[in-house]
Amino acid sequence: MKIEQVKKHLGFLGAPAALVVIWLVLSIVAGLISKGNNFLIFRGVFWHTWQELPLYVPYPEEYFDINHYGPLFSLIIAPFALLPVWLGQVLWSVAMTVLLFCSIWRLPIPQKRIIFIYWFCAHELMTALFMNQFNVVIAAIIILAFLLIERERDHWATLLIVIGTLVKIYGIVGIAFFLFSKHKLRFILSFAGWMLLLFALPMAISSPEYIINCYTEWIGNIIEKNGENADSLYQNISIIGMAHRISGCNFSDLFIIAPGMLLTALPFLRFGQYRHIAFRLAALASVLLFVVLFSTGSESSSYIIALAGVAIWYWSAPWKRSKWDIALMVFAFVLTSLSPSDLFPKYLRDEFVRPYALKALPCAIIWIKLICEMLLCRYAKRD
């Protein structure tokens, strides 16, 4: 069934206004029923920064687990941390959803395909929102940085890239879009300027010595967390995790990360394809997939980033997608998006999907196919 027929049968559910309401309802419901531990951690980043307390130690009387976000996050979460917990959590969920909704809406893709992306990502969005995860914002940041460079607003694009980098590192992948910039000097200067400003900005609610020390501790925290991820069933849901768990072998992650970086970079050597928006959208999809598939910190809620990449991959091609491509989309929706939920057989989830990090498998296959397409196909618009 063609997408036009699907939209016709859906009726009002295919209308943009209805999708806005549906996504907002999802965010409010998630904000209200979420257990909220992650939001308490986020909230604590602001209050601990304000009080100049250590950011990367346990606070068992407040929440379990440890904060892993950079000091800049204290200012981002501040408006929500100042509210009552339940209200702050709901508004945090709504704000993240609105940001991602708007970023997808601005993609240079026909509206009927945008509507498909909203529906395709809706369940994965819920997974991330139930965990109050910043991954929703990371997906939006990467997409918006791409769009701002498309509009030659490099100074705002670099602001978003720096925010994503200083909060959760993931945002650094936005630097890949530098190659598409028509104002490369402006990009470099803006990036350096924002990095200096935002590095220092949290000092406004604490002190220079405290923030510099926090950044030092943050680096150590990330290294330590990377080591812990290897032994967790709920982390390292990636190509790296799959390789370790399926093979049962202990080897350096660099044996996977290095080839992954090389394969991601190779299509960017096709400079002649840069002029085609379809190729640039494919590059966006590649970046969204790479940042999840090659990170030991990837968890179930990280896949809102990857699923957005999958949807953009499907619609970026200027050629007609094959039945195999459609099958891959279904495979990704069922195994990647539905597997953590009660809609998926519990036995398969507990015995196969979770132990072997198979949530990453469909996205990994799609990423490989995407890289092959970017290396071999011509992205000129076709009639």
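Figure 1. At 6% relative accessibility, E373 counts as buried. This is a predicted model, and in it the side chain of E373 meets that of R321 in a salt bridge, with 2.7 Å from N to O. The two residues sit in distant parts of the chain, 52 residues apart. E373 belongs to helix 17, residues 361-376, while R321 lies in the loop between helix 14 (303-316) and helix 15 (323-338). R321 has a relative accessibility of 10% and also counts as buried, because the cut-off for buried is under 20%. Which residues does the network of salt bridges join? Through shared partners, R321, D325, K369 and E373 form one network.

**Figure 2. R321 and the ring of W313.** R321, the partner of E373 in a salt bridge, also lies over the face of W313. The distance from R321 to the ring centre of W313 is 4.2 Å. In this view R321 can be followed from the aromatic ring to the carboxyl group of E373.

Figure 3. The whole structure holds 10 salt bridges. One of these joins the side chains of E152 and K182, at 3.7 Å from N to O. Is K182 buried or exposed? Its relative accessibility is 63%, so K182 counts as exposed. E152 is partly exposed, with a relative accessible area of 32%.

**Figure 4. The salt bridge of D350 and R349.** The closest N and O atoms of D350 and R349 are 3.9 Å apart. This pair counts as a salt bridge because the distance is within 4 Å. R349 is buried, with a relative accessible area of 8%. D350 is partly exposed, at 25%.

**Figure 5. Helix 8 and the residues at its end.** Helix 8 has 15 residues. From its first C-alpha to its last, helix 8 reaches 21 Å, close to the 21 Å expected at 1.5 Å a residue. How many of the residues of helix 8 are buried? The count is 13 of 15, and the helix is mostly covered. An α-helix has 3.6 residues a turn, so residues three or four places apart point the same way. After helix 8 comes I169, whose phi is positive, near 65°. The charged end of K168 sits over the ring of Y170, 5.0 Å from the centre of that ring.

**Figure 6. The aromatic pair F42 and W92.** There are 35 aromatic pairs in the structure. In the pair of F42 and W92, the ring centres are 6.1 Å apart and the planes are at 70°, so the pair is edge-to-face. F42 is in helix 3 (residues 37-50) and W92 is in helix 5 (residues 85-105).

**Figure 7. The aromatic pair F116 and W315.** The rings of F116 and W315 form an edge-to-face pair, 5.6 Å from centre to centre, with 85° between the planes. Where in the chain do F116 and W315 lie? F116 is in helix 6 (residues 111-130) and W315 is in helix 14, 199 residues apart. F116 counts as partly exposed at 24% relative accessibility. W315 counts as buried at 14%.

**Figure 8. A cluster of aromatic rings.** Ring pairs link F180, F268, F271, Y274, F279, W319 and Y379 into a cluster. The cluster includes Phe, Tyr and Trp residues.

**Figure 9. The whole chain, for orientation.** The protein chain has 17 helices and zero strands. Its radius of gyration is 20 Å, close to the 21 Å that the globule rule gives for 383 residues, so the chain is as compact as a globular protein of that length. Taken along the principal axes, the C-alpha atoms fill a box of roughly 60 × 55 × 50 Å. Of the 383 residues, 54% count as buried. Among contacts between residues at least 6 apart in sequence, 75% join residues at least 24 apart.

Notes. Residues numbered from 1 in each chain as written. Predicted model: local features only at pLDDT ≥ 70, side-chain atom pairs only at ≥ 80, totals over all residues. Heavy atoms only, no water. Buried < 20%, exposed > 50% of the residue type's maximum accessible area, 1.4 Å probe, protein only. Helix = DSSP H or I, 4+ residues; strand = E, 2+ residues; numbered from the N terminus. Phe/Tyr/Trp six-rings, centres within 6.5 Å; stacked < 30°, edge-to-face > 60°. Lys NZ or Arg CZ within 6 Å of the ring centre and 35° of its normal. Expected span 1.5 Å × (residues − 1). Rg over C-alpha atoms; globule rule 2.2 N^0.38 Å. Contact = heavy atoms within 4.5 Å.
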